[in-house]
Structure formats: C-alpha cells, structure tokens
Amino acid sequence: MDAEAAKLLGAGFAAIGAGLASIGVGNVFAKFLEGALRNPGAADAQQGRLFIGFAGAELLGLLAFVIAALLIFA
Amino acid sequence: MAAEQAKVDPMHQFTIEPMFGSENWELAGYNIAFTNSALWMAISAIALWIFVLGGMKRQLVPGRWQVAVESFTGFIDDMLQANVGRAGRKYVPYIFSLFMFILFANLLGLLPLGVLGVHPFTFTSHFTVTGVLAILSFSIVLIVGFWKHGLHFFSLFVPHGTPWPMIPVIAPIEFISFMVRPFSLALRLFVAMMAGHVLLEVLSSFVISGVNAGPAYGVLIGVPSLLLMVGICALEVLVAGIQAYVFALLTSLYINDAENLH
C-alpha cells in the first residue's frame, strides 16, 4: 500500500471518531433531558453545565475531523 | 458552465483573496492586503455597531429594537453573574463583544447571498481568526490571575483538598489542561464552522451533479440532497448560535478561575 492510500484510509478511519463523538453528544443531552424531566425546577440553572459537557464531548469529535483534514491536506 | 466542471471544490470557499486591487499593500515588509476575510470582519463589526447603537436609546418603555439589544446584554450579564459572581460585572463588555462578534460572523457567513453573486466569507472558519480571539481570552485570564493573586495563581494547578502524595501527579495534568485551553477554544469554533460549510458545499455538489446526470438522477439524488441541505442549513444556524455561546461561556468559566481560583 503506498503512502497516499494509507493517508486516505487513515482519514476515513478518523471519521469513526466523529461518529463516536455523536454518541457522546447524544448522551449529554439525553441525560440532561432525563434529569430535567424529573426535576424541571432545577433544569434552567443547569443549562450552563449542559453546554460545558456538550462542548467537551463535541471537541473530541472535532479533533477527529482535524486529524482527517491533516491527513488529506498536510 | 457547471456541466463542464462537474466537480465542486468544497475547499474553494475558504480561499483568502485580496480585494479592491490591494494585493501589493505592504507595511514593514509584510503584505497587508485588504482581503475578503478583512472585509467580512469589517461588515460584522459595522453590523454589530449598528445593532447596538439602535438599542441605546435608553427609553423608559423600550421599543422592539432596544428589547432585542437589552435581552442580549442581560443574557451575558446573567451568564457572568452565574459563573463568576459579583466580580463578573466588569467583564460584561468584553464577553458581550466577543459573543456578538462571533455570532454576527457566523450568521453573516451563512447568508444566502451567493444567488446575488456576492459570496459571504465566514472568517470564523479560519484558525488564525479564532486563534487570536482565543489568545485574547487566555491572556485576559493570565493577566487578571497574576494581577489579582500574584504567584498564588499557581495554586490553580492544585485543586482544593488534593492529598499531598497526589500533587506530583495532579499538578502536571492540571497544567496541561490549563495550557490546552486556548487551543481547544479556537479549534472548536474553527472546526465547527468549517465542517458545516464543507458539508453544505458537498451536498450542493450532489445536487448539481445529480441534476446534470439526467432527470432520473435529479429526482433520485438531487431532490433528497436539496431537502437534506435545507435541514442542514437550519442546523447550521443553530450551530452558529451554540458555538458563539460556548465560546463566551468557556471564556467566562476561565475568567472565573482567574478571579476566584478554585
């Protein structure tokens, strides 16, 4: 396998990371909704934390995109 | 024309081009051409300026415009109050400008002006721009932290109540997580905006090549792609708001670290 093909394969594999991050982001919002429905009064105050968790989970998926972009373009 | 060059280059939208024949402008040996990126930065800044100016009438019974502006300032004020506390008041102007500038940039970059022949440029999809914004936030954290707490600021790396045998392990981890902050801040915004725009461009290339390949392909591939594109556009508007909010939120959290330590 030549180096170019290996690079493209690696970029494709990096897309798995984006899919896994989507599970993470889904988890964040699902658990938040679960908790919010049990105690709607406390939900609004926790929205900041919701987005912190979302940002953390999303960042790892975006890193997978960066790896793919580096493999293809750099 | 599109029939000949069937391949749409999804990265072409990110090219930076000098505008108004300014490609040879130089300052101290550096090229300072007025690029499309700079043009859209100026447009965002002016749009933001007009938006805020329209709401500064200070009427006792506010009109619609004033309510719009005040709801944004109130939103940022509440966020800082919740995350930083009373000391957060003095950061409202910075966080507000940051949030609104990123929001306007993201939303202006999504405007469908391409049908008029003007191509909006999303400058937040460039790491240089988001990197500078992140460095700005990070240096405010450093300056405030060292100004207020002096060398005591380093106690940030030892969370409260850490057992002393764990300190050699915890401190480097905390240090790394602290130093990665500007990168993660910049990377998140840049990649989120870039990925969305690439996705839209790829879907549009599906529509164009599907329709060019014949009516059957047009119905089979072009129409679903177009519908998906409309949906993704709505998602992109949401992402534009969320990313601006996350940038402002994380900045306020980091400022909280600098103001109150752990």
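This is a predicted model: local features need pLDDT of at least 70, side-chain atom pairs count only at pLDDT 80 or more; totals for chains, interfaces and linings use all residues.
Q: Thanks! Back to that pair: at what angle do α4(B) and α7(B) pack?
A: The angle is about 15 degrees, and their axes are 8 Å apart. Axes are lines fitted to C-alpha atoms, for helices over the stretch in contact, with angles from 0 to 180 degrees between N-to-C directions. That makes α4(B) roughly parallel to α7(B). Under 35 degrees counts as roughly parallel, over 145 as roughly antiparallel, 65 to 115 as roughly perpendicular and the rest as oblique.

Q: And which residues make the contact?
A: From α4(B) come Ser137(B), Ile140(B), Val141(B), Val144(B), Gly145(B) and Lys148(B). On the α7(B) side you will find Thr251(B), Tyr254(B), Ile255(B), Asp257(B), Ala258(B) and Glu259(B). Contact here means C-beta atoms, placed from the backbone, within 7 Å.

Q: How many of them are nonpolar, polar and charged?
A: They divide into 6 nonpolar, 3 polar and 3 charged. Nonpolar means Ala, Val, Leu, Ile, Met, Phe, Trp, Tyr, Cys and Pro; charged means Asp, Glu, Lys and Arg; the others, Gly among them, are polar.

Q: What about α6(B) and α7(B), at what angle do they pack?
A: That angle is about 170 degrees, again with axes 8 Å apart. The two helices are therefore roughly antiparallel to each other. Their contact has 22 nonpolar, 7 polar and 3 charged residues.

Q: Zooming out a bit, how many helices and strands does chain B have?
A: Chain B has 7 helices and 2 strands, taken from DSSP runs numbered from the N terminus (helices H or I, at least four residues; strands E, at least two). From the N terminus on, the order is β-β-α-α-α-α-α-α-α. The C-alpha trace of chain B spans about 70 × 55 × 45 Å along its principal axes.

Q: What share of chain B is buried?
A: Of its 262 residues, 26% are buried. Buried means 20 or more other C-beta atoms within 10 Å of a residue's own, exposed means 12 or fewer, and partly exposed lies in between.

Q: How many residues does the largest nonpolar core have?
A: It has 49 residues, and those with the most contacts inside it include Ile95(B), Phe99(B), Val191(B) and Phe247(B). A nonpolar core is a set of buried Ala, Val, Leu, Ile, Met, Phe, Trp, Tyr and Cys residues joined through C-beta atoms within 7 Å.

Q: Which elements give two or more residues to this core?
A: Chain A contributes through α3 (47-73), and chain B through α2 (64-83), α3 (92-110), α4 (127-149), α6 (181-212) and α7 (215-260). The most comes from α7(B), with 11 residues.

Q: What is Phe247(B) in contact with?
A: Apart from neighbours within four places in sequence, Phe247(B) is in contact with Leu98(B), Ile102(B), Leu185(B) and Leu189(B).

Q: Nice. How many residues do chains A and B put into their contact?
A: Chain A gives 9 residues and chain B gives 13 residues. The side of chain A that touches chain B has 7 nonpolar, 1 polar and 1 charged residues.

Q: New topic: at what angle do α1(B) and α3(B) pack?
A: Helix α1 (residues 36-54) of chain B packs with α3(B) at about 120 degrees, and their axes are 9 Å apart. That makes α1(B) oblique to α3(B). Among the residues that meet there are Trp40(B) and Ile43(B) in α1(B), and Phe101(B) and Phe104(B) in α3(B). By class, this contact has 9 nonpolar, 1 polar and no charged residues.

Q: Last one: is Pro168(B) buried or exposed?
A: Pro168(B) is exposed, with 8 other C-beta atoms within 10 Å. Pro168(B) sits in helix α5 (residues 167-179) of chain B.

Methods: Residues are numbered from 1 along each chain as its sequence is written. Chains are lettered from A and ligands numbered from 1 in the order in which they are written. Two residues are in contact if their C-beta atoms, placed from the backbone, lie within 7 Å.
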